[in-house]
Amino acid sequence: MSKTLLEREQDHPQEVVAERGGRRIVTMDSARYVDARNTGRDVVVPASYIGVLPARMIAIHRPRGVIGHDACVGKYGAGIAGLWYLEALGIPAATADGMTADMGNGADLYASGVVSHVNYVAETCGVTVGMPVTEAADLLLDRDPTDAEVGNKIRREVVETLPNGRRVVVTDSIVWAYPEDENTSVLVTAGHTGRSGAKFLLEAKPWGFICHDGGMSKNRSGIAGLATADEAGLPGACIDGTTAPIGDAFLGYAQGLIGAHNDAAARRGVEVGMTVREAAHKLLVGEQP
């Protein structure tokens, strides 16, 4: 005879390690062990990788939050790909660094793990990379996400400013250029520099820009906007897609290298192979011809 749902859930061993205000932190050895007991109230700490498949298993039960294992990330980022699946559903989630926590051992992940990756919903709860899992779980237990509309996520940071007021602004998309960026900001973004990207650049009229090359793509369409910007006298360059991911300007600024640029940027000293950080500075201090 097949087991009832309640009987099947009893086969999913869980350990409650903290409880406050009717909410709990619950550890377990597998994402498969997340079930209806956890819906709405529990921060679950399963020692599975947080790829898309485990994220699906977890998401149907809608826990309060999730902290799993990153499986050392692996090829195609498969060990953490479920973070953004959960983000799209409004579920805060993070992973522990695979070298700090055992796989398949929820108690160890909770006690010893160090956060390696965080989705945006968890960020709004205060969870950060490098934080002990115990601390991150407490934050997810006590704090509600401050921005339920994940699509409204806008990250902008001024990373360098000159005495004359010009600055380097890092933001994930050129569509988040502000009116005050016109003729003032070097915008480091992470969208492609194709035909549609050029349209937004010409509308924003920054002092200079660095976008992503979109992997170059067919007919080098990922950087087609460089020529369009050059015709308008707008200096710009592209992040080499093999050095930093599209869509994350902060990683582009921290890790990226320049893969292409237009003539206007070259006149300000930008070169292929230069770090994005250095190229942004050269665009900032250079003057219009």
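L109 touches V45, P46, A47, I67, G68, H69, A96, A101 and V133, with residues up to four places away in sequence left out; contact here means heavy atoms within 4.5 Å. The model is predicted: local features need pLDDT of at least 70, side-chain atom pairs count only at pLDDT 80 or more, and totals for chains, interfaces and linings use all residues. Residues are numbered from 1 along each chain as its sequence is written, and side-chain values use heavy atoms, with hydrogens and water left out.

L109 also belongs to the largest nonpolar core, which has 23 residues. A nonpolar core is a set of buried Ala, Val, Leu, Ile, Met, Phe, Trp, Tyr and Cys residues joined through side-chain atoms within 4.5 Å. Buried means under 20% relative accessible area, exposed over 50%, and partly exposed in between (1.4 Å probe, protein chains only). The residues with the most contacts inside this core are I25, I67, L109, V115, V127, V133 and L140. Two or more residues come from each of β3 (42–46), β5 (93–96), α4 (106–112), β6 and α6 (133–142). Helices (H or I, at least four residues) and strands (E, at least two) are DSSP runs, numbered from the N terminus. Helix α6 gives the most to the core, with six residues. In soluble globular proteins, nonpolar side chains tend to be buried together.

The largest pocket holds about 610 Å³ of space. On a 1 Å grid over the protein atoms alone, a pocket is an open set of points where a 1.4 Å probe fits, with protein on both sides within 12 Å along at least five of seven lines; lining residues have an atom within 4 Å of a point. Grid points are joined across faces, edges and corners, and the volume is the space filled by probe spheres set on the points. The lining has 22 residues, and W84, E123, R155, D248 and L251 are the closest to the pocket centre. At least two lining residues come from each of α3 (82–88), β6 (115–118), α5 (120–123) and α9 (249–255). By class, 10 lining residues are nonpolar, six polar and six charged. Asp, Glu, Lys and Arg count as charged; Ala, Val, Leu, Ile, Met, Phe, Trp, Tyr, Cys and Pro as nonpolar; the others, Gly among them, as polar.

R155 is also a partner of D172. D172 sits in the loop between β8 (167–171) and β9 (185–192). D172 is buried, with a relative accessible area of 9%. Its side chain makes a polar contact with the side chain of R155 (2.9 Å). A polar contact is a pair of N or O atoms within 3.5 Å; within protein, one must be able to donate a hydrogen and the other to accept it, and residues adjacent in sequence count only if both atoms are side-chain atoms. The D172 side chain also reaches the backbone nitrogen of A249 at 2.9 Å. Beyond four places in sequence, D172 touches R155, T189, A190, G191, G247, D248, A249 and F250.

K205 lies in the loop between α7 (195–204) and β10 (208–212). Although not a glycine, K205 has a positive phi of about 55°. K205 is partly exposed, at 45% relative accessible area. N219 is found in the loop between β10 and α8. Its phi, near 55°, is likewise positive in a residue other than glycine. N219 is exposed, at 69%.

T228 lies in helix α8 (residues 225–231). T228 is partly exposed, with a relative accessible area of 31%. Leaving aside neighbours within four places in sequence, T228 is in contact with A198 and L202. T228 and N262 are 34 residues apart in sequence and 9.3 Å apart in space, C-alpha to C-alpha.
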